[in-house]
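Hello,

Here is the structure I said I would pass on. My notes on it follow below.

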Amino acid sequence: MSLNKEKKRIGIIGGSGIYEITKNETNIDTKTVLTPYGDSVDVSLFKIDDKDIAFIPRHKVGHKVPPHKINYRANIYALKQLGVNQIIATNAVGSIKMDISPGSLVLPDDFIDLSYKRERTFYDDEVIHTDFTQPYCNRLREIISKQGNLINSGVYVCIEGPRFETPSEIKMFQKIGGDLVGMTGLPEVVLARERGICYSSICIVSNYATSLSENELTIDEVYEIMELKKTEIIEIIFKSIENMPIDYDCSCLHSIK
Ligand SMILES: [Zn+2]
């Protein structure tokens with residue numbers, strides 16, 4: 001495989017329910033990127049609005065990998081190898097605020113990381129402390145927020161999973177300032193920053209979190225909402241890409257001094 005590292009690409013990481021991104025599948029190339037993190041990553045390469053796109057389904061084709069087993073480092077490494085310096089991700093989440101109803105699309109601007117078993121840094125062998133004053137790329141979030149009906153802030157609480165939360169955990173998340181709860185947002189956003197990549201997530205609220213909802217939580221709710229919202233989300237991603245410059249400057253690109 002020959003990779004043109006000079007080529008700048010826009011990366012898309014599709015979460016639950018987003019397993020492909022094109023409207024008219026033409027000229028889709030697939031590259032397998034070898035990584036030093038124990039997994040190779042299959043990436044789909046194609047164009048949107050004449051811009052080069054690299055797409056990964058986060059859970060792999062066929063939704064095979066559970067949230068706590070995803071090789072986040074391999075995914076970000078593979079995209080970086082392909083020249084990606086901006087990423088739009090999608091994440092299915094639960095709402096822990098009554099005024100963020102199921103079906104809402106939220107662009108988080110901050111997170112609380114309560115996952116605990118994951119490989120969460122590229123810097124295991126050197127002392128590097130990355131700044132997270134602005135946890136998600138503000139520039140990219142502003143562009144995406146203009147492309148549809150989106151809530152332009154929110155605090156994403158990441159749990160380890162794969163079980164859902166308890167009622168007392170949800171009460172705690174509310175008290176510490178959380179808005180959304182999910183299992184896949186971290187450490188992806190951190191790893192992107194460590195590699196100098198602008199990263200923004202479109203969070204799709206599939207349900208109210210436990211104790212806010214009268215219903216028992218099931219994964220079926222996630223797939224039902226994703227089926228309903230998929231076209232809208234893909235449209236937002238296409239319009240965002242049309243408005244994303246390829247040559248630009250952003251503080252994310254200089255995150256590692
Ligand atoms: Zn940025």
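I start with a loop residue. Aspartate 50 is exposed, because 8 other C-beta atoms lie within 10 Å, and a residue with 12 or fewer counts as exposed. Please keep in mind that this is a predicted model. Aspartate 50 sits in the loop between strand 3 (41–48) and strand 4 (51–57). Its phi is near 65 degrees, which is positive although the residue is not glycine. Lysine 60 also has a positive phi, near 70 degrees, and is likewise a residue other than glycine. This lysine 60 belongs to the loop between strand 4 and helix 1 (72–81). Lysine 60 has 16 other C-beta atoms within 10 Å, so it is partly exposed. For background, most residues other than glycine have a negative phi, and most peptide bonds are trans.

The bond from glycine 161 to proline 162 is cis, with omega near 0 degrees. Proline 162 is part of the loop between strand 8 and helix 3 (167–175). Leucine 186 and proline 187 are also joined by a cis peptide bond, with omega about 5 degrees. Proline 187 lies in the loop that runs between strand 9 (180–182) and helix 4 (188–194).

Now the chain as a whole. Its secondary structure consists of five helices and 10 strands. The C-alpha trace spans about 50 × 45 × 35 Å along the principal axes. Of the 257 residues, 43% are buried. Among contacts with a separation of 6 or more, 83% are between residues 24 or more positions apart.

The largest nonpolar core has 68 residues, and Ile87, Tyr199, Ile202 and Ile204 touch the most other members. Strand 10 supplies the largest share of this core, with seven residues. Leaving out residues up to four places away in sequence, isoleucine 87 touches Gly11, Ile13, Leu79, Ala192, Ile197 and Tyr199.

Next, strands 7 and 8. Strand 7 (residues 110–113) pairs with strand 8 in the parallel sense, over four bridges. Between the two strands the chain passes through helix 2, and this β-α-β crossover is left-handed. In the pairing, aspartate 110 stands opposite valine 155 of strand 8.

Tyrosine 156 is also in strand 8, which covers residues 155–158. Is tyrosine 156 buried or exposed? It counts as buried, because it has 27 C-beta neighbours inside 10 Å. Neighbours within four places in sequence aside, tyrosine 156 is in contact with Val93, Pro108, Phe111, Leu180, Gly182, Gly185 and Cys203. The C-alpha atoms of tyrosine 156 and glycine 178 are separated by 6.2 Å, while the two residues are 22 residues apart along the chain.

Last, helix 2 itself, residues 138–145. Its buried residues are Leu140, Arg141, Ile143 and Ile144. Viewed down the helix axis, the buried residues of helix 2 fall within an arc of 160 degrees, so they line one face of the helix. The elements that cover these buried residues include strand 5 (84–95), strand 10 (198–208) and helix 5 (219–242).

Regards

Key: Residues are numbered from 1 along each chain as its sequence is written. This is a predicted model: local features need pLDDT of at least 70, side-chain atom pairs count only at pLDDT 80 or more; totals for chains, interfaces and linings use all residues. A residue is buried if 20 or more other C-beta atoms lie within 10 Å of its own, exposed if 12 or fewer, and partly exposed in between; C-beta atoms are placed from the backbone. The arc is that of the directions from the helix axis to the C-beta atoms. Two residues are in contact if their C-beta atoms, placed from the backbone, lie within 7 Å. A nonpolar core is a set of buried Ala, Val, Leu, Ile, Met, Phe, Trp, Tyr and Cys residues joined through C-beta atoms within 7 Å. Two strands pair if DSSP finds at least two bridges between them. A crossover is right-handed if, with the strands pointing away from the viewer, the path from the first strand over the helix to the second runs clockwise.
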